[in-house]
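Me: I have this one open for the first time. Can you walk me through it?
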Amino acid sequence: MRLVEIGPDNVRAACRIAVAPEQEQFVAPVAFSLAEAYARPNVAWPRLVYDGDEVVGFVMGAFDPDSPVPMFRCGVWRLNIAADRQGRGYGRFAVDGVLAEARRRGNSRATVLWVPGEGGPEDFYLKLGFRPTGEELDGQVVGAIDLG
């Protein structure tokens, strides 16, 4: 597995990543995430998850150390693993990649936001070590992990 920057050669593959229909309420489509990355190039860190030559997922970190909102300074902004590729460790690999980049940049804490609900990503993030902070934003739970 590897994380790869998105460019002209793989952007179409990125936009074709689709989560399971019942998960669509929990995460934005990759094309929307790429539009946000384009609008905030100094903050967004979008990457494709490859297994060999196959694109299996998308992850986007966010690094904005000057944000007045602490939960937006460092974290996982988006994660989309193709529906037929879930449960194989790709999501963990992708999040670990964002956390490694966070450490490389000198961060000691990372956050993630998730929409609570059946079939949502809460259990996944809890298994990775994120813990709810007690904060919510627009109906989303804020989770954090110590990178120490």
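Me: Where is Val-112 found?
Reply: Val-112 belongs to strand β5. Keep in mind that this is a predicted model.

Me: Is Val-112 buried or exposed?
Reply: Buried, because its relative accessible area is 1%, and the cut-off for buried is under 20%.

Me: What does Val-112 touch, apart from residues up to four places away in sequence?
Reply: Val-76, Tyr-125, Phe-130, Val-141, Val-142 and Gly-143.

Me: How far apart are Val-112 and Phe-130?
Reply: In sequence they are 18 residues apart. In space the C-alpha to C-alpha distance is 7.8 Å.

Me: OK, the sheet. What is the order of its strands?
Reply: The order is β1-β2-β3-β4-β5-β7-β6, in an open sheet of seven strands with mixed pairing.

Me: Which strands stand at the edges?
Reply: β1 (2-5) and β6 (131-137). Each has a single partner strand, so one side of each has no neighbour in the sheet. On average, neighbouring strands here are turned by 35° against each other, direction ignored.

Me: In what sense do β3 and β4 pair?
Reply: Antiparallel, over seven bridges between β3 (residues 54-63) and β4 (residues 74-81). One of the residues involved is Phe-58, whose bridge partner in β4 is Asn-80.

Me: And which strands does helix α2 lie across?
Reply: Helix α2 (residues 30-39) lies across β2 (44-51), β3 and β4, at about 40° to β3. Helix α3 (residues 90-104) also packs on the sheet, where it touches β1, β2, β3, β4, β5 (109-114) and β7 (140-146). The direction of α3 makes about 155° with that of β4.

Me: Back to the loop between β3 and β4. Is Asp-64 there buried or exposed?
Reply: Asp-64 is buried, at a relative accessible area of 18%. Leaving aside neighbours within four places in sequence, Asp-64 contacts Arg-40, Val-43, Phe-72 and Arg-73.

Me: How many of the lining residues are nonpolar, polar and charged?
Reply: The lining of the largest pocket has 22 nonpolar, 12 polar and six charged residues.

Technical notes
Residues are numbered from 1 along each chain as its sequence is written. This is a predicted model: local features need pLDDT of at least 70, side-chain atom pairs count only at pLDDT 80 or more; totals for chains, interfaces and linings use all residues. Side-chain values use heavy atoms; hydrogens and water are left out. Two strands pair if DSSP finds at least two bridges between them. Helices (H or I, at least four residues) and strands (E, at least two) are DSSP runs, numbered from the N terminus. Axes are lines fitted to C-alpha atoms, for helices over the stretch in contact, and angles run from 0 to 180 degrees between N-to-C directions. Contact means heavy atoms within 4.5 Å. Buried means under 20% relative accessible area, exposed over 50%, partly exposed in between (1.4 Å probe, protein chains only). Ala, Val, Leu, Ile, Met, Phe, Trp, Tyr, Cys and Pro count as nonpolar, Asp, Glu, Lys and Arg as charged, and the others, Gly among them, as polar.
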